[in-house]
Amino acid sequence: LLHYMRIIPLEILLIVRGYIHPSDLPTHICFYQSSPWIADIYDSEMDTEDFWELACWSCGIGATGVDSQDNVRWRDIAIDCIERDEFCTIPGCGEELLEANRE
């Protein structure tokens with residue numbers, strides 16, 4: 001997979017990313033973690049923290065009271081939430097909870 005990511009032009013990868021809605025946090029996280037080159041696309045933007053903050057808030061995920069707004073890393077919050085909870089099969093959790101939050 002990594003080999004193919006190297007030969008796909010950056011412009012194509014940007015187009016693919018552009019088709020993922022900001023509130024589709026699980027897909028963004030999976031795409032982000034698919035290769036270092038994809039992660040660089042996300043991380044190289046000037047407003048990368050703004051993007052991740054929007055994606056988190058779009059899913060009803062916010063900073064906790066103990067998080068200082070100066071120290072919040074929205075990408076890390078997004079990754080943690082999705083890795084921990086997205087594929088949960090307990091009713092009312094995972095994608096089902098994200099969908100309810102989006103509404």
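# Exercises on the Core and Aromatic Pairs

In α6 (74-86), the buried residues (buried: under 20% relative accessible area, exposed over 50%, partly exposed in between; 1.4 Å probe, protein chains only) are Trp 74, Arg 75, Ile 77, Ala 78, Ile 79, Cys 81, Ile 82 and Glu 86. Helices such as this one are DSSP runs (H or I, at least four residues; strands are E, at least two), numbered from the N terminus. The model is predicted, so local features need pLDDT of at least 70 and side-chain atom pairs count only at pLDDT 80 or more, while totals for chains, interfaces and linings use all residues. Residues are numbered from 1 along each chain as its sequence is written, and side-chain values use heavy atoms, with hydrogens and water left out.

**Exercise 1.** State how many residues the largest nonpolar core has, and which element gives the largest share.

*Solution.* 
1. Recall the rule: a nonpolar core is a set of buried Ala, Val, Leu, Ile, Met, Phe, Trp, Tyr and Cys residues joined through side-chain atoms within 4.5 Å.
2. The largest such core has 24 residues, and those with the most contacts inside it are Leu 25, Ile 29, Tyr 42, Trp 52, Ile 61 and Ile 77.
3. Two or more residues each come from α3 (25-32), α4 (36-43), α5 (48-58) and α6 (74-86).
4. The largest share, six residues, is given by α6.
5. In soluble globular proteins, nonpolar side chains tend to be buried together.

**Exercise 2.** Explain why the pair of Tyr 32 and Tyr 42 is classed as it is, and find what Tyr 32 forms with Trp 52.

*Solution.* 
1. Rings of Phe, Tyr and Trp (its six-membered ring) pair if their centres lie within 6.5 Å; planes under 30 degrees apart are stacked, over 60 edge-to-face, and the rest tilted.
2. The centres of Tyr 32 and Tyr 42 are 5.5 Å apart and their planes stand at 75 degrees, so the pair is edge-to-face.
3. Tyr 32 is in helix α3 and Tyr 42 in helix α4, ten residues apart.
4. Tyr 32 is buried, at 9% relative accessible area, and Tyr 42 is buried at 1%.
5. Tyr 32 and Trp 52 form an edge-to-face aromatic pair, 5.7 Å centre to centre with 90 degrees between the planes.
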